[in-house]
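Could you walk me through this protein? I'd like a plain tour that starts with the overall layout and then goes down to single residues.

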Amino acid sequence: TEGDQFRLGKLSLAGFSIGEEKDVFKVFESKPNAVFSRSMLQRDIDRLRERARQRGNTVNVTPLTNVDVDKKRIDITFELVRVSDGTF
């Protein structure tokens, strides 16, 4: 059985910049007020990694969540950390 259905609240980016938030989020499946989906979230994380790769960078992406159980809302901040290629 499934649990309660939660909806997405605010989406934001933090850490290493791969462009303006509005431009980055244009290609996301995840949108505010959409029903939360782990698979959709994973595809959007993959999109962030690919956007960074296209700009010559490798990033680790960590979704940081803030859950409001009463309102059944999840705010997500995608934290991007640039991965060093080992050269100095």
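The mean pLDDT of the protein is 92, and 95% of its residues reach 70 or more. Among the elements, strand 3 (residues 73-82) has the highest mean pLDDT, at 97, while helix 1 (residues 21-25) has the lowest, at 92. Where pLDDT is low, predicted coordinates should not be read in detail.

## The overall layout

The protein has 2 helices and 3 strands. Reading from the N terminus, the elements go β-α-α-β-β. There are 88 residues, and 28% of them count as buried. The C-alpha trace spans about 50 × 25 × 20 Å along its principal axes.

## How the strands line up

Strand 3 pairs with strand 1 and also with strand 2, so let's take the two pairings in turn. Strand 1 (residues 7-15) runs parallel to strand 3, with 7 bridges between them. In your 3D view, look for serine 12, which stands opposite threonine 77 in strand 3.

Strand 2 and strand 3 pair in the antiparallel sense, over 10 bridges. Here threonine 62 is the residue that stands opposite glutamate 79 in strand 3. Strands 2 and 3 also form a hairpin with 4 residues between them. In that turn, lysine 72 has a positive phi of about 55°.

In soluble globular proteins, nonpolar side chains tend to be buried together. The largest nonpolar core in this model has 19 residues, and the ones touching the most other members are Leu13, Leu48, Val61, Ile76, Phe78 and Leu80. Strand 1, helix 1, helix 2, strand 2 and strand 3 each supply at least two residues of this core. Helix 2 gives the most, with 5 residues.

Leaving aside neighbours within four places in sequence, leucine 13 is in contact with Glu21, Val24, Phe25, Leu48, Thr77, Phe78 and Leu80.

## A cluster of rings

How many aromatic pairs are there? The count comes to 3. In one of them, the rings of phenylalanine 25 and phenylalanine 78 have their centres 6.5 Å apart and their planes at 55°, so the pair is tilted. This pair links distant parts of the chain, with phenylalanine 25 in helix 1 and phenylalanine 78 in strand 3, 53 residues apart. Is phenylalanine 78 buried or exposed? Phenylalanine 78 counts as buried because its relative accessibility is 0%, and the cut-off is under 20%. Phenylalanine 25 is buried as well, at 14% relative accessibility.

Phenylalanine 28 and phenylalanine 78 make an edge-to-face pair, 5.3 Å centre to centre with 90° between the planes. This pair also links distant parts of the chain: phenylalanine 28 is in the loop between helix 1 and helix 2, 50 residues from phenylalanine 78 in strand 3. Both phenylalanine 28 and phenylalanine 78 are buried. Put together, Phe25, Phe28 and Phe78 form one aromatic cluster.

## A polar pair: Asn57 and Arg82

Now find asparagine 57, in the loop between helix 2 (38-54) and strand 2 (59-68). Its side chain is joined to that of arginine 82 by a polar contact of 2.9 Å. Not counting residues up to four places away in sequence, asparagine 57 touches Phe16, Ala52 and Arg82.

Arginine 82 is found in strand 3. With sequence neighbours within four places left aside, arginine 82 is in contact with Phe16, Asn57, Thr58 and Val59. For a sense of scale, arginine 82 and lysine 31 are 51 residues apart in sequence and 25 Å apart in space, C-alpha to C-alpha.

Definitions and conventions:
Residues numbered from 1 in each chain as written. Predicted model: local features only at pLDDT ≥ 70, side-chain atom pairs only at ≥ 80, totals over all residues. Heavy atoms only, no water. pLDDT = per-residue confidence, 0-100. Polar contact = N/O pair within 3.5 Å; in protein donor to acceptor, adjacent residues only side chain to side chain. Contact = heavy atoms within 4.5 Å. Pairing = 2+ DSSP bridges. Core = buried A, V, L, I, M, F, W, Y, C linked by side-chain atoms within 4.5 Å. Buried < 20%, exposed > 50% of the residue type's maximum accessible area, 1.4 Å probe, protein only. Phe/Tyr/Trp six-rings, centres within 6.5 Å; stacked < 30°, edge-to-face > 60°.
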